[in-house]
Amino acid sequence: MTIFSAQKRPRTEADACDFLCAGAQKAGTTWLWANLGQHPQVKMPLVKEVHYFDRLYLGTDIPTNVDQHREAALACAAKLKGAEAADFLAIAQGCDAPDDGWYRRLFAQRGGKFSGDITPAYLCLGLRGVQHVQRLSPNLRVIILVRDPQSRMTSGLAMSMARNPGRIPMRILENWQFQERGNYAAHIPIWDHIFGDQVRYIPFGRIRTAPRDVLAEVEAHIGLMPFGGYENPAQVHNSFPPAEGLAAGVLQRIEQIAARQSAYLLERFGADFCAEI
């Protein structure tokens, strides 16, 4: 069955999901989740961050995420009967060792609606990981939110310190995955290569200055009808103020890491785009 939106973009049931936001971390993914979930043509999965592909290709281990999926799937199964209940039970049973079938089941109940995966860790999946995404959803529409590298790292550091009191800031900075989640220079070319025009890049600053325009842009890219009923799209989500009292060496290291990314973004997107990140 093929479903057409107002923009006449085909959506086929062969695709595991219809859209995917691949990051970046601390660049507005929670805001996007909160707003797209209000669209009448969208049915979001059980949990915001699925963490399927990064679990396979980055070794991500988030027990709380696994528990959230299991609990949500069991709750859905308890309300349903027959094949629908069986699908959610299969999701719950597969949470500890998910496979492609498990991933497809997460979106199988979307019916005629659009559904997507918003997991910021996906930005840095690497070539094999992005190819896997493409195999499961060849018609996928990808969204990547781009934030100023230095501000993104500062916010990410504050979040890590708030969630893990006592951790040494410099050790957080030097963690390879922390850096890779904002490594635009290494990973944007991969998404471009695999998905081409199916990727839409959106500067983070535009979410604050023109949130409704951003949502309209996302709607058009995914293939959704325009929707004017978003509640408070200017609301800030999951924001962490910069950590106080950081040593000069930590701040210098942030600047050093961010400099390469800023140079790449300027070359890739130009000055006008970068003025809004």
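A residue counts as buried when its relative accessible area is under 20%. In this predicted model, Y52 has a relative accessible area of 2%, so it falls on the buried side of that cut-off. Y52 makes a handy place to start looking around. It sits in the loop between α1 and α2, the latter covering residues 53-57. Leaving aside residues up to four places away in sequence, the contacts of Y52 are P98, D99, D100, W102, Y103, Y122, H132 and L136. Several aromatic residues gather here: Y52, F53, W102, Y103, F107 and Y122 are joined into a cluster by ring pairs. As for R141, it comes 89 residues away from Y52 along the chain, and 18 Å separates the C-alpha atoms of the two.

Next comes H69, a residue of helix α3. With a relative accessibility of 1%, H69 counts as buried. What does H69 touch, not counting residues up to four places away in sequence? The list runs to L46, V47, E49, V50, C95, W102 and L106.

Across the whole structure, a search picks up ten aromatic pairs. One of them joins F227 and Y230: the ring centres are 4.8 Å apart and the planes stand at 80°, so this pair is edge-to-face. F227 is partly exposed, given its 24% relative accessibility, whereas Y230, at 5%, counts as buried. F269 and F273 also pair up, but here the arrangement is stacked, with 4.4 Å from centre to centre and 20° between the planes. Both of these phenylalanines, F269 and F273, are buried.

F269 also takes part in a helix packing. Helix α10 (residues 184-195) and helix α13 (residues 248-269) pack with their axes 9 Å apart, at an angle of about 35°. On the α10 side the contact is made by Y184, A185, I188, P189 and D192, and on the α13 side by R260, Q261, Y264, L265, R268 and F269. Sorted by class, the residues in this contact are seven nonpolar, one polar and three charged.

How much of helix α1 is buried? Six of its eight residues are, so α1 is largely enclosed by the rest of the structure. The buried ones are T29, T30, W31, L32, N35 and L36. Their cover includes strands β3 (19-21), β4 (116-118) and β5 (141-146), along with helices α11 and α12 (211-222).

Then there is the empty space. Rolling a probe the size of a water molecule over the atoms shows where such space is left. The largest pocket has a volume of about 1,100 Å³. It is lined by 46 residues, of which Q25, K26, M159, R163 and R181 are closest to the centre. The elements giving two or more residues to this lining are α1 (29-36), α3 (63-79), α7 (149-163), α9 (176-180) and α11 (204-209). The largest share, seven residues, comes from α7. By class, the lining of the largest pocket splits into 16 nonpolar, 21 polar and nine charged residues.

The second largest pocket holds about 150 Å³ of space. Lining this second pocket are K43, M44, P45, L46, C76, F88, R105, L106, F107, Q109, R110 and S115. Helix α5 (residues 100-107) makes the largest contribution to that lining, with three residues. Seven of the lining residues are nonpolar, two are polar and three are charged.

Finally, the search of the whole structure finds one cavity of 30 Å³ or more. About 110 Å³ of space lies in the largest cavity. Among the 13 residues that line this cavity, V50, H51, R55, N65 and V66 are closest to its centre. Which element gives the most to the cavity lining? That is α3, with three residues. The class count for this lining is seven nonpolar, four polar and two charged residues.

Definitions and conventions:
Residues numbered from 1 in each chain as written. Predicted model: local features only at pLDDT ≥ 70, side-chain atom pairs only at ≥ 80, totals over all residues. Heavy atoms only, no water. 1 Å grid on protein atoms, 1.4 Å probe; cavity = no way out; pocket = protein on both sides within 12 Å on 5 of 7 lines; lining within 4 Å. Points joined across faces, edges and corners; volume = space filled by probe spheres on them. Helix = DSSP H or I, 4+ residues; strand = E, 2+ residues; numbered from the N terminus. Nonpolar A, V, L, I, M, F, W, Y, C, P; charged D, E, K, R; others polar. Axes fitted to C-alpha atoms, helices over the stretch in contact; angles between N-to-C directions. Contact = heavy atoms within 4.5 Å. Phe/Tyr/Trp six-rings, centres within 6.5 Å; stacked < 30°, edge-to-face > 60°. Buried < 20%, exposed > 50% of the residue type's maximum accessible area, 1.4 Å probe, protein only.
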